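Hello,

Here is the structure we talked about handing over. My notes on it follow below.

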Amino acid sequence: MLTLCLSLILLITDNSQITDKKENVMKFELIQLPYAANELEPVISKSTIDFHYGKHLQTYVNNLNNLIPGTKFENMPLEQIVAESDGAIFNNAGQVLNHNLYFTQFSPKGGGVPTGKLAEAINSTWGSFENFQKEFITAGTGLFGSGWVWLAKDKNGKLSITKEANGSNPAAHGLTPILGFDVWEHAYYLDYQNRRPDHLNALWKIVDWDAVGKRY
Ligand code: MN
């Protein structure tokens with residue numbers, strides 16, 4: 001009888017541990033947009049938001065949640081996964097991080113120029129905001145194939161423009177991402193077809209410099 005009781009207790013304990021473990025596995029969720037899907041028009045159409053956010057980003061989130069259970073990445077922050085992973089986990093984690101930052105850096109009331117410490121750092125690095133914009137667009141236009149152009153900072157706050165292939169992010173080389181323009185065709189093809197430079201130049205009109213400044 002005692003043995004049976006002990007066995008039952010062990011069985012119950014084991015089951016609860018399994019349940020707890022399952023509940024504790026972190027799931028990445030699709031971020032909420034800080035604007036309605038049509039509010040960035042005409043710079044980014046509702047159609048592009050519906051596909052880019054609703055389909056592409058959702059797929060990266062789903063893929064990541066399917067890939068990480070049982071790996072050392074399952075309870076890691078996204079930036080750390082990007083810094084330490086490779087292969088499919090790196091690609092999907094990178095794209096979740098990229099798009100989370102991308103979609104939260106725009107506002108229907110955006111545009112204008114950066115202010116405060118970020119403005120000072122941009123001016124001291126590139127001479128003026130206009131020079132920075134030119135170099136940023138040149139980098140984004142010149143990136144061959146799919147990828148991202150980022151304004152990033154290092155541990156000392158020093159700014160640089162980085163070109164990232166495919167799903168990479170400045171976090172992969174120890175930098176902090178500040179502002180990112182997506183140059184994958186899915187980001188602009190419905191609205192601008194092949195005219196990537198036109199799309200990149202239009203994005204300045206919706207950049208939310210308050211949100212971006214907080215990342216610096
Ligand atoms: Mn994208």
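**What was found**

I89 is buried, at a relative accessible area of 12%. (Buried means under 20% relative accessible area, exposed over 50%, partly exposed in between, with a 1.4 Å probe and protein chains only.) I89 sits in helix 4, residues 87-103. Helices (H or I, at least four residues) and strands (E, at least two) are DSSP runs, numbered from the N terminus.

Before going on, the ground rules. This is a predicted model, where local features need pLDDT of at least 70, side-chain atom pairs count only at pLDDT 80 or more, and totals for chains, interfaces and linings use all residues. Residues are numbered from 1 along each chain as its sequence is written, and side-chain values use heavy atoms, with hydrogens and water left out.

What does I89 touch, leaving aside its neighbours within four places in sequence? Its contacts (heavy atoms within 4.5 Å) are L64, L67, I68, T71, F73, I81 and G94. I89 and N63 are 26 residues apart in sequence, and their C-alpha atoms are 8.3 Å apart.

**The whole chain**

The protein has nine helices and three strands. The order from the N terminus is α-α-α-α-α-α-β-β-β-α-α-α. Of its 216 residues, 45% count as buried.

**The metal site**

Four residues coordinate the manganese ion: H52 (NE2), H99 (NE2), D182 (OD) and H186 (NE2), at 2.0 to 2.2 Å. Donors are N, O and S atoms within 2.8 Å of the metal (3.2 Å for Na, K and Ca); water is not among the atoms, so sites may look incomplete. Along the chain, the donor spacing reads H-x46-H-x82-D-x3-H. H52 lies in helix 2 (residues 46-67) and D182 in strand 3 (residues 176-182), so this pair ties together parts 130 residues apart in sequence. H52 is buried at 2% relative accessible area. D182 is buried too, at 0%.

**The strands**

Strand 1 covers residues 147-153, and seven of its seven residues are buried. G147, V149, L151 and K153 point one way; W148, W150 and A152 point the other way. In a regular strand, side chains alternate between the two faces of the sheet.

Strand 1 runs antiparallel to strand 2 (residues 159-165), with seven bridges joining them. Two strands pair if DSSP finds at least two bridges between them. W150 has T162 as its bridge partner in strand 2. The two strands form a hairpin with five residues between them, and G157 in the turn has a positive phi of about 85°. Strand 1 also pairs with strand 3, antiparallel, over six bridges. There, L151 stands opposite L179.

Best wishes
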